[in-house]
Amino acid sequence: DDVERRVGEAPHAVLQVLDATTGQNALAQVKAFREVAGVTGLIVTKLDGTAKAGIVVALAEQFQLPIHAIGVGEGAEDLQPFAANDFARALVGLEG
């Protein structure tokens, strides 16, 4: 109630943070949390290896939720805004 009074009609977004190393289990997690908490967007962490990047494609295809940020390391500075075009180019080996 206090947040809604201060911000108005909170929450504006419900973001779920997923660990890319969970693989296909991430799909089940999003499905469950979406039903219970009304998830409206995602943040995917531990994407510092291309082998884990496929989960981003699977999440986007199955749920069509925006991915707001990705984590590519262990520090707060390693959390960066998600840019789909840049991500796709890097995934197939095209830098820039």
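**Figure 1. Pairing of strands E1 and E2 in the predicted model**. Two strands count as paired if DSSP finds at least two bridges between them. Strand E1 (residues 15–19) and strand E2 run parallel and are joined by five bridges. One of the residues involved is Asp19, whose bridge partner in E2 is Thr45.

**Figure 2. Pairing of strands E2 and E3**. Strand E3 spans residues 67–71 and pairs with E2 over three bridges, in the parallel sense. Leu42 has Ile67 of E3 as its bridge partner. For Val44, the bridge partner in E3 is Ile70.

**Figure 3. Burial of strand E2**. E2 comprises residues 41–45, and four of these five residues are buried. A residue is called buried when its relative accessible area is under 20%. The strand is therefore largely enclosed by the rest of the structure. In a regular strand, side chains alternate between the two faces of the sheet.

**Figure 4. The four-stranded sheet**. The strands are arranged in the order E1-E2-E3-E4 and form an open sheet with mixed pairing. E1 and strand E4 (79–81) are the edge strands, each pairing on one side only. On average, neighbouring strands of this sheet are turned by 25° against each other, direction ignored.

Definitions and conventions: Residues are numbered from 1 along each chain as its sequence is written. This is a predicted model: local features need pLDDT of at least 70, side-chain atom pairs count only at pLDDT 80 or more; totals for chains, interfaces and linings use all residues. Side-chain values use heavy atoms; hydrogens and water are left out. Buried means under 20% relative accessible area, exposed over 50%, partly exposed in between (1.4 Å probe, protein chains only). Helices (H or I, at least four residues) and strands (E, at least two) are DSSP runs, numbered from the N terminus. Axes are lines fitted to C-alpha atoms, for helices over the stretch in contact, and angles run from 0 to 180 degrees between N-to-C directions.
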